Amino acid sequence: LVQLYVPLNFMGFIYREIKQSVTDLEALFNLLRQDAEIADRPGAQPLRVPAGAIRFENVDFAYDPERPILKNVSFEVRPGRKIAIVGPTGAGKSTISRLLFRFYDVSAGRVTIDGQDIRDVTQTSLRAAIGMVPQDTVLFNETIRYNIRYGRWDATEDEVARAAELAQIDGFIRSLPDGYDTEVGERGLKLSGGEKQRIAIARTILKGPPILILDEATSALDSATEKDIQDALGRVAEGRTTLVIAHRLSTIVDADEILVLEAGRVVERGSHAELLAKGGAYAGLWLRQSEAERARETLARAGED
Ligand code: ATP
């Protein structure tokens with residue numbers, strides 16, 4: 001059996017290496033393609049963000065003209081407020097965040113920030129104004145300090161540590177033998193999903209953008225980590241205009257507005273309380289998630305006994 005296991009295991013290793021390289025190449029091609037499609041207009045001005053209001057006005061979008069993805073999507077996030085987008089997989093939630101970054105241009109309608117159409121401003125200034133905490137953070141094969149400082153290269157040592165503290169990862173980093181000099185990634189220390197996400201949060205705190213996109217992880221973290229991350233995200237979102245792509249409804253109960261997206265259309269909108277009272281799609285989702293949550297807790301308690 002061992003004779004069979006070793007080559008199989010080795011093949012698994014090779015497969016993972018190849019898969020990783022293909023993924024990296026894909027990411028690279030996507031970046032190149034996106035930059036080729038989207039260019040600054042002649043005379044494009046830097047974006048000015050005195051307040052941080054976001055508006056999507058009757059936005060249609062398709063990656064491929066044959067297949068519309070977003071259909072007449074409109075919403076507004078007032079400065080410093082929080083909007084959450086929920087809906088089934090493939091509904092177009094992440095597409096909304098890609099349009100805000102202007103990785104693609106809308107097919108119809110427009111996206112504005114403080115009244116400026118994002119097609120009229122320079123891409124550099126647009127991307128500098130938006131911070132993103134993605135679902136799956138990919139870290140550089142570098143030190144932890146480098147990975148946090150990536151948010152703002154001129155940050156001082158103290159600022160890096162302060163950002164890590166706010167992201168609740170400073171204690172963990174200091175417990176490592178090499179502290180902030182610990183190499184992470186492929187050949188370095190392997191971090192858990194929650195640790196990587198907290199490094200991404202520290203990086204975003206350091207960047208200090210007026211607009212924030214939080215793309216919540218689909219994978220369930222244990223509830224203590226989950227709570228730490230929610231606290232850290234709450235801190236980074238304070239005073240910033242925030243768009244949350246949410247998978248767990250418990251994290252968006254306090255959002256100023258929740259949009260329910262289905263097949264690229266907004267089918268419901270309102271606060272958590274309004275949507276529950278309505279008894280529609282959101283209320284259904286909430287009920288199912290609450291039941292699943294209770295079942296998990298009961299199982300966990302049974303496991304402890
Ligand atoms: P999830 O909850 O699973 O992350 P989502 O609501 O964020 O889903 P999107 O990632 O916005 O969904 O995708 C919406 C649709 O657009 C999907 O059907 C997807 O297949 C398609 N899509 C996403 N990215 C591309 C792309 N680069 N090219 C073509 N189609 C794409």
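Q: Which residue in β8 stands opposite I213?
A: The model is predicted: local features need pLDDT of at least 70 and side-chain atom pairs pLDDT 80 or more, while totals for chains, interfaces and linings use all residues. Numbering starts from 1 along each chain, as its sequence is written. β7 and β8 (residues 241-245) pair in the parallel sense over five bridges (pairing needs at least two DSSP bridges; strands are DSSP runs of E, at least two residues, and helices of H or I, at least four, numbered from the N terminus). In β8, the residue opposite I213 is L243.

Q: Which residue stands opposite I213 in β6 (residues 130-133)?
A: β6 and β7 pair in the parallel sense over four bridges. Within this pairing G131 stands opposite L212, and the residue opposite I213 is M132.

Q: How many of the five residues of β7 (residues 211-215) are buried?
A: A residue is buried with 20 or more other C-beta atoms within 10 Å of its own, exposed with 12 or fewer, and partly exposed in between, C-beta atoms being placed from the backbone. β7 is mostly covered, and its number of buried residues is four.

Q: Which are the edge strands of the open sheet of six strands?
A: The order is β6-β7-β8-β3-β9-β10, with mixed pairing. Neighbouring strands are turned by 20° against each other on average, direction ignored. Two strands pair on one side only: β6 and β10 (265-270).

Q: What angle does the direction of α10 (residues 281-304) make with that of β9?
A: α10 packs on the sheet and touches β3, β9 and β10. Axes are lines fitted to C-alpha atoms, for helices over the stretch in contact, with angles from 0 to 180 degrees between N-to-C directions. The angle is about 95°.

Q: What arc around the axis do the buried residues of α2 (residues 93-100) cover?
A: The buried residues are K93, T95, I96 and L99. They lie on the same side of α2, because the arc, taken from the directions from the helix axis to the C-beta atoms, is only 160°.

Q: Is T122 buried or partly exposed?
A: T122 is in the loop between β5 (116-117) and α3 (123-129). Beyond four places in sequence, T122 is in contact (C-beta atoms, placed from the backbone, within 7 Å) with D40, A44, Q45 and P46. T122 and Q45 are 77 residues apart in sequence and 5.8 Å apart in space, C-alpha to C-alpha. Because T122 has 14 C-beta neighbours inside 10 Å, T122 counts as partly exposed.

Definitions and conventions: Contact = placed C-beta atoms within 7 Å.
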